[in-house]
Amino acid sequence: MELSQLKLTAKRNEICKRLDLKDSDDILRYYPFKYEQYSLTAYKDFEIGEKVVFEGELISSPSTFRFKGNRSRTSFKVLYEEEVITVSIFNRPWVKSGADDKIVIVGKYEGNNKVTATSFYAKDINEILGINPIYSIREGIKQNEIKKLVLSTYEKCKDTIIDEIPEDLLNEHHLIDLKTALYNIHCPADSLSLKKALARLKYEEFLRFYLALEALKGSGNQVLKEKKEFDINELKKFIKKLPFDLTADQMLSVQDIINDLRSDKPMYRLIQGDVGSGKTAVAEVGLYANYLSGYQGALMAPTEILAKQHYLSFLDIMPKNVRVGLLTSSNKDNSLIKDKLSRGEIDIVIGTHALFQESVEFKKLGMVIADEQHRFGVKQRRALKDKGESVDFILMSATPIPRTLANSLYGDMSISTIETMPIGRKGCDTYRINKNSIVDIIPDLKKKLDEGRQIYIIASAIENSESYAGKDATGLYNSLIDVFAPYKMALLHGKLSSEEKDEIMSLFNDNKVQILVSTTVVEVGVNVKNATVMVIYDADRFGLSQIHQLRGRVQRGNYKGTCYLLSDTKDPDTSKRLEVLCSTNDGFKISEADLKLRGPGDILGTRQSGLPTFVLGNLFEDTKIIEASKKDAKRIVENLDREDYIHFYQSILAKALIKSID
Ligand code: ADP
Ligand code: MG
């Protein structure tokens with residue numbers, strides 16, 4: 001149901017807005033992130049430092065002590081099992097009791113009949129005991145408000161909940177129906193019903209994921225293509241002429257590509273390698289082989305900056321007879337390029353999202369490579385693939401995941417992994433700074449500038465806004481510009497026009513600007529060898545893999561990179577995450593840590609790509625469910641003559657497409 005149909009109060013509408021809940025489905029699937037088990041604690045079992053739950057009788061009126069900054073401590077006395085207990089609670093300067101002055105306290109026992117409460121309830125204790133869901137909330141939203149929102153939404157729309165998963169699959173795995181599962185995930189009566197709800201909803205998440213993957217491959221993977229034939233000696237010559245020797249792993253990936261090109265099965269391959277492992281060179285060799293077979297090829301990049309950079313590198317490396325073109329939405333020559341593509345007068349085109357406009361036609365498209373694949377939606381990948389009949393498809397990802405995991409995640413998509421780095425890489429020293437400020441490292445930064453190096457300064461937002469409490473690029477630019485004078489500083493972000501972006505990137509590239517204050521538009525691919533220092537503000541706001549990508553920018557040349565992670569977070573888990581980056585530079589380890597900490601949605605970019613994400617599912621623990629759902633996804637795709645199967649499949653597809661970025 002739409003939010004408007006739910007007729008929510010203004011307050012609840014506001015909550016939905018802040019938590020980005022767009023319809024009843026979003027609300028019902030706003031799952032608790034953990035559960036707390038409340039059981040009554042007898043007085044004789046009170047232990048210092050341990051959690052206690054009990055119901056007492058309020059016997060003194062509460063007194064409140066106020067601190068600075070709207071903070072307070074409220075204390076009152078209750079009688080419990082003939083004992084007088086003093087209860088304190090922070091920042092809740094009001095206390096309400098229920099019938100007969102009864103009040104339920106949940107808190108920690110401090111000894112001497114003192115309890116620090118984390119919450120209290122003016123309710124019958126039996127309503128509190130049992131399993132309690134805990135939601136992840138934002139400031140100003142209370143647990144109880146979410147719980148009530150979920151329950152009232154459930155009441156209003158429970159009869160419209162349709163279980164799309166085909167019944168035979170549910171029966172086979174002994175899974176409960178969706179309606180019950182959704183209720184029990186929020187209000188489990190006991191741990192068994194919670195377990196059943198989880199099993200059902202996890203299965204659904206994985207099944208959706210694998211079905212979307214099947215869709216992505218195209219159900220027509222039985223369709224054969226024309227084998228590509230070319231003179232291998234020509235390709236060898238090309239590889240010899242590259243400015244460096246390919247690493248062993250690059251060669252293996254090239255070999256995989258060659259085999260796929262020569263096969264009559266369309267290629268659908270993921271090439272994954274750490275930042276800087278040299279995926280571009282592999283793409284170049286692949287596209288050249290495709291050219292030699294008489295086909296056009298396309299390389300799509302997620303940003304204009306990156307597309308431009310690839311274009312220049314292709315111009316450099318491709319033999320003169322290969323006609324290379326650039327197609328981005330801001331390119332003035334666009335219509336000319338399109339004409340040439342349709343007439344077959346361009347052999348290799350590099351571009352951005354602009355490549356899959358309908359107006360782009362190829363004479364004979366044979367290969368598509370998507371760089372930094374996670375930035376593309378399902379829709380776009382398919383759109384481009386559908387532009388030709390014998391199209392081989394490669395995805396290149398810089399957030400590599402361990403091979404075994406990749407295999408289980410991507411099913412039977414072929415995977416080439418570049419694990420070794422080109423020799424001579426100096427790596428990167430990463431330091432955590434416990435302040436969201438550069439004051440302490442200004443001398444170090446100036447020293448690097450004096451040595452002739454250049455610096456990136458990264459912020460997570462362009463401008464300051466009400467909803468954003470961190471540092472913004474524009475503000476940093478304004479406040480830092482004088483600090484490093486006479487060195488020149490420039491500001492780069494996604495809202496600039498592409499001419500402005502080009503201008504700034506080339507100034508930085510030519511060392512006419514020494515310090516680039518930027519948002520994450522430089523995250524992927526950008527290659528300025530003399531820039532060896534990176535400062536990341538609000539590092540706690542970024543994912544590990546994202547920071548790893550970012551710092552990949554400062555280890556491109558012959559100098560060792562330096563990266564400073566600025567964050568004043570007090571959260572021990574967040575600190576631990578940032579420490580992972582300081583202790584290893586291995587992208588595989590980092591994405592594994594990230595996967596464990598955050599779930600795969602962000603890492604695989606499935607959030608942007610339109611693939612369903614796993615909220616509940618855990619890649620490391622749910623291997624049985626993963627295997628089952630993977631098999632079932634296949635089964636559904638193979639039996640699309642069944643009405644319930646096709647219905648489910650189409651609904652997944654529709655959702656995946658809607659969610660991909662346009
Ligand atoms: P990524 O895998 O992150 O896309 P790139 O393809 O941009 O990495 O390569 C990073 C840098 O390494 C480029 O400057 C490229 O020229 C260089 N490079 C790639 N392969 C090799 C190699 N085999 N030996 C030396 N340098 C290489
Ligand atoms: Mg790259």
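Trainee: Let's start at the beginning of α9. Which backbone nitrogen does a side-chain oxygen of Asp231 reach there?
Mentor: That of Asn233, and the oxygen comes to within 3.0 Å of the nitrogen. Keep in mind that this is a predicted model.

Trainee: Noted. And which residues of α9 are buried?
Mentor: Leu235, Phe238 and Ile239, in a helix that runs over residues 232-241. They sit on the same side of α9, because the arc they cover around the axis is only 100 degrees.

Trainee: What do those buried residues pack against?
Mentor: Three other helices: α10 (248-262), α11 (279-292) and α12 (304-317).

Trainee: And what's on the face turned away from the buried side?
Mentor: Lys240 and Lys241, which are exposed.

Trainee: OK, switching to the ligand. Which residues come nearest to ligand 1?
Mentor: There are 17 residues around ligand 1, and the nearest are Asp245, Gly276, Lys279, Thr280 and Arg425.

Trainee: How far is the Arg425 side chain from an oxygen of ligand 1?
Mentor: An N or O atom of that side chain is 2.6 Å from a ligand oxygen.

Trainee: New topic, aromatics. How many aromatic pairs are there?
Mentor: The structure has 15. One of them is Tyr30 with Tyr135, a stacked pair with centres 6.3 Å apart and 15 degrees between the planes.

Trainee: Where do those two tyrosines lie in the chain?
Mentor: Tyr30 is in the loop between α3 (24-28) and β1 (34-38), while Tyr135 is in the loop between β8 (130-134) and α5 (143-157). So the pair ties together parts that are 105 residues apart in sequence.

Trainee: Are they buried or exposed?
Mentor: Both Tyr30 and Tyr135 are buried.

Trainee: Which rings link up into a cluster?
Mentor: Tyr43, Phe46, Phe54, Tyr80 and Tyr109, joined through ring pairs.

Trainee: Last one: which ring does the charged end of Arg92 sit over?
Mentor: The ring of Phe120, at 4.4 Å from the ring centre. Arg642 has its charged end over the ring of Tyr645, 3.9 Å from the centre.

How values were computed. Residues numbered from 1 in each chain as written. Chains lettered and ligands numbered in written order. Predicted model: local features only at pLDDT ≥ 70, side-chain atom pairs only at ≥ 80, totals over all residues. Heavy atoms only, no water. Buried < 20%, exposed > 50% of the residue type's maximum accessible area, 1.4 Å probe, protein only. Helix = DSSP H or I, 4+ residues; strand = E, 2+ residues; numbered from the N terminus. Arc of directions from axis to C-beta. Contact = heavy atoms within 4.5 Å. Polar contact = N/O pair within 3.5 Å; in protein donor to acceptor, adjacent residues only side chain to side chain. Phe/Tyr/Trp six-rings, centres within 6.5 Å; stacked < 30°, edge-to-face > 60°. Lys NZ or Arg CZ within 6 Å of the ring centre and 35° of its normal. Near = heavy atom within 4 Å.
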